[in-house]
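The sequence and structure are shown first.

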Amino acid sequence: MDTDMPAPKEEGRNQDADKPTVSHASSLSSKCDMCFFAASLVSPMACAGITFFGKDIYILKFGADVGLMSAVGTVLAIVAPVINLLTGWCMEKIPLSTLFPWATWGRRAPWYLTHLVLTAFSTAALFLPVSFDPTFLCWWYLALALCSSWCLSVSFIAFESARLEAYATKEERTEVEAVCKISGGAGAGTGILLPLIVAAGASRQVLQLMGLVALLVGLFSLVSIPVLRKARLVFQPDGVGSFLSEFVSLLRVSTVWHLMAYRFTEDLLTTVAITATLYWVTFVEGLTGTERSLFIALSGAAVAFSTIVMLPCWTQFFRIRRQGVNINVFCSRVMALGLLAPVVLVMKTALPSGVGFLAYIVLMQGSVAGQTFWRVAAMGWVVDEDCHAGDGKRREALLIGLVGFFASAGRAVGVGIVLLGLAYSGMESTNCDLECEGKGPSADGTDCVAACDAQNLDRQPPMVSTFLHLIYYAVVTTFQVIAISLVYSFPICNARLDAIYAKQAELAAAASAESGAAGRPQEARGQATPDAHDSGKEG
């Protein structure tokens with residue numbers, strides 16, 4: 001088994017905290033708690049979607065400089081992944097227990113609460129630039145995107161870490177993931193809807209309204225705070241080493257490298273496919289304004305339909321432990337069906353306008369719908385195995401932050417591929433709403449904005465359309481093949497996975513026996529006391 005050596009125990013540390021602490025009975029197992037826990041994903045997903053599509057709105061509607069925005073994407077490509085490493089380490093090292101006592105807040109809820117509020121305000125500000133100068137827009141977006149990157153990283157790591165603390169096994173994590181698919185989809189849909197409304201018409205009144213809606217949506221997930229506070233697993237901030245030493249230790253684990261490679265590849269290909277969608281609809285399908293927004297909304301509905309159809313199947317598959325079935329091989333074979341999607345896209349000329357691209361989206365989404373379940377399961381296996389090798393030392397946030405580093409890098413590279421490719425292809429865009437502000441129809445009755453949008457389409461060189469075809473025919477397909485091979489060859493399976501289950505059951509039985517001997521019910525799995533430095537505060 002490829003694992004790093006257990007971290008040495010520190011002298012004078014609370015020895016009870018050194019005992020292996022492993023999930024064995026969910027503290028949030030009620031359906032009500034599960035739904036509120038899943039609601040914690042709505043606001044981060046919405047804010048992430050708004051920030052993600054914000055750059056496209058800035059280019060296509062506000063007229064931001066494409067070349068400078070590509071440079072902004074490069075900066076984010078460098079900085080955003082590092083943010084995941086820093087936030088993961090900080091969340092393990094700094095418990096925030098001075099203001100938020102562990103006994104009543106746990107260690108994830110304080111980070112989630114403080115950073116979700118900041119996320120909401122920075123996301124709302126994206127709709128309210130103080131100037132529409134093409135250069136200023138790029139700098140405004142960069143500043144807000146950096147702020148959102150830090151806050152969203154904290155929010156997502158807090159969510160993922162709390163899930164691994166509160167839910168013990170793949171089966172439990174699958175139950176909550178099924179609900180999270182719905183809440184995450186609602187958040188992502190909202191994150192797409194608001195930019196689409198702006199894409200249909202970016203008047204100042206619309207921007208102000210969308211900014212207010214973004215703020216309210218960003219604060220919605222605060223309803224989950226009472227549930228997140230219940231996830232209180234023993235933590236050992238004094239046992240967390242330096243930033244460098246902890247991540248070097250994790251990088252000695254081969255399965256971590258494998259999972260990081262997969263997340264980089266998957267996030268890169270999905271980011272390329274999603275980012276290029278708006279440009280494909282505009283420059284290949286030839287849609288603008290309200291028609292473009294309606295088509296994107298229809299595409300989102302197609303994704304939702306495909307996901308909802310597959311959701312019960314994947315939930316049932318993962319919620320049961322299936323002896324003798326290699327989950328990795330099965331998931332990779334289902335993913336391989338997505339390789340047929342470009343064939344459908346080739347046939348688009350024989351189909352009504354837009355139908356071929358919609359079919360491509362449905363087939364692609366259907367082939368990867370189960371991968372969120374697989375990611376959750378794989379991350380849980382890696383965390384549990386690392387915990388077993390480290391004598392109970394849990395470092396969920398560190399692992400999630402490290403894997404998130406590569407996932408974020410993949411997303412940043414994906415954005416860079418699309419934006420740099422479009423800039424190299426010679427794409428140019430004008431802010432038609434600003435250009436036509438205060439102007440009525442022309443002498444022949446043509447609407448100013450519609451005429452401007454038509455000019456934006458006509459002025460694009462043929463290389464733009466060629467590049468977008470290359471994205472979906474070659475780039476996405478290549479990374480699909482890589483992702484499929486990484487899932488197929490994931491090393492935790494069969495006997496190795498059985499060993500993780502056996503160790504979990506052994507430690508669960510020991511923890512239950514200890515809890516019974518103490519003559520008290522166990523409030524939550526592994527929730528005895530925090531580290532020594534917090535014990536005094538509880539007393």
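Which residues does W374 touch, not counting residues up to four places away in sequence? They are L259, Y262, F318, I327, N328, C331, V487 and F490, where contact means heavy atoms within 4.5 Å.

## Basis of the model

This is a predicted model, in which local features need pLDDT of at least 70, side-chain atom pairs count only at pLDDT 80 or more, and totals for chains, interfaces and linings use all residues. Residues are numbered from 1 along each chain as its sequence is written, and side-chain values use heavy atoms, with hydrogens and water left out.

## Overall architecture

The secondary structure comprises 22 helices and zero strands; helices (H or I, at least four residues) and strands (E, at least two) are DSSP runs, numbered from the N terminus. Of the 539 residues, 56% count as buried, that is, under 20% relative accessible area, with exposed over 50% and partly exposed in between (1.4 Å probe, protein chains only).

Among contacts between residues at least 6 apart in sequence, 86% join residues at least 24 apart.

## The largest nonpolar core

A nonpolar core is a set of buried Ala, Val, Leu, Ile, Met, Phe, Trp, Tyr and Cys residues joined through side-chain atoms within 4.5 Å. The largest one has 136 residues, of which Y279, W374 and Y472 touch the most other members. Helix α11 (residues 254-283) gives the most to this core, with 14 residues. Domain 1 (31-231) and domain 2 (240-431 + 453-510) both contribute residues, so the core lies between them; the domain bounds come from an automatic or database domain assignment.

## H258 in helix α11

Helix α11 also holds H258, which counts as buried because its relative accessibility is 15%. Leaving aside residues up to four places away in sequence, H258 touches L486, S489, F490 and P491.
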